[in-house]
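This report goes through one protein model, beginning with a single residue and then widening the view. The sequence and structure come next.

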Amino acid sequence: MQKLPTYYLPMEKNGRVVIPKPIRDAFGFSSAGFVRATVTDDKIILESGKTVCKFCGNESVLCEDFPICPECIEKINELNELKK
Ligand SMILES: [Zn+2]
């Protein structure tokens, strides 16, 4: 892989940080969706997101085109029951 420089990324007040395009391209981050952040003792590891639930980030989604996990579908169904 091409060697990339160390970036110093400005953080907005709400904690938002933009991952520079060369890093996004090199690691296959798509323009939308989830980035998985894992914290170790002294580092934060960012990985390109697999298809995950749009509501909670759970990886066990039922299908790629409809990325919602079974637990969230159940909650949605419960909310729909309450509306009736
Ligand atoms: Zn979910």
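Val-39 is part of strand β1. In this predicted model, Val-39 counts as exposed because it has 8 C-beta neighbours inside 10 Å, and a residue is exposed if that number is 12 or fewer. Lys-3 is 36 residues from Val-39 along the chain, and their C-alpha atoms are separated by 24 Å.

Which strand is joined to β1, and by how many bridges? The partner is strand β2, with 5 bridges between the two, and the strands run antiparallel. The link from β1 to β2 is a hairpin through 4 residues. Within this pair, Ala-37 stands opposite Leu-46, a residue of β2.

Helix α2 has 14 residues and reaches 20 Å from its first C-alpha to its last, close to the 20 Å expected. The helix is hardly covered, as the count of buried residues among its 14 is 0.

| Element | Residues |
|---|---|
| Strand β1 | residues 35–39 |
| Strand β2 | residues 44–48 |
| Helix α2 | residues 70–83 |

As for confidence, the protein averages a pLDDT of 86, and 93% of the residues score at least 70. Where pLDDT is low, predicted coordinates should not be read in detail.

Conventions: Residues are numbered from 1 along each chain as its sequence is written. This is a predicted model: local features need pLDDT of at least 70, side-chain atom pairs count only at pLDDT 80 or more; totals for chains, interfaces and linings use all residues. The expected span of a helix is 1.5 Å times one less than its number of residues. A residue is buried if 20 or more other C-beta atoms lie within 10 Å of its own, exposed if 12 or fewer, and partly exposed in between; C-beta atoms are placed from the backbone. pLDDT is the predictor's confidence in each residue, from 0 to 100. Two strands pair if DSSP finds at least two bridges between them.
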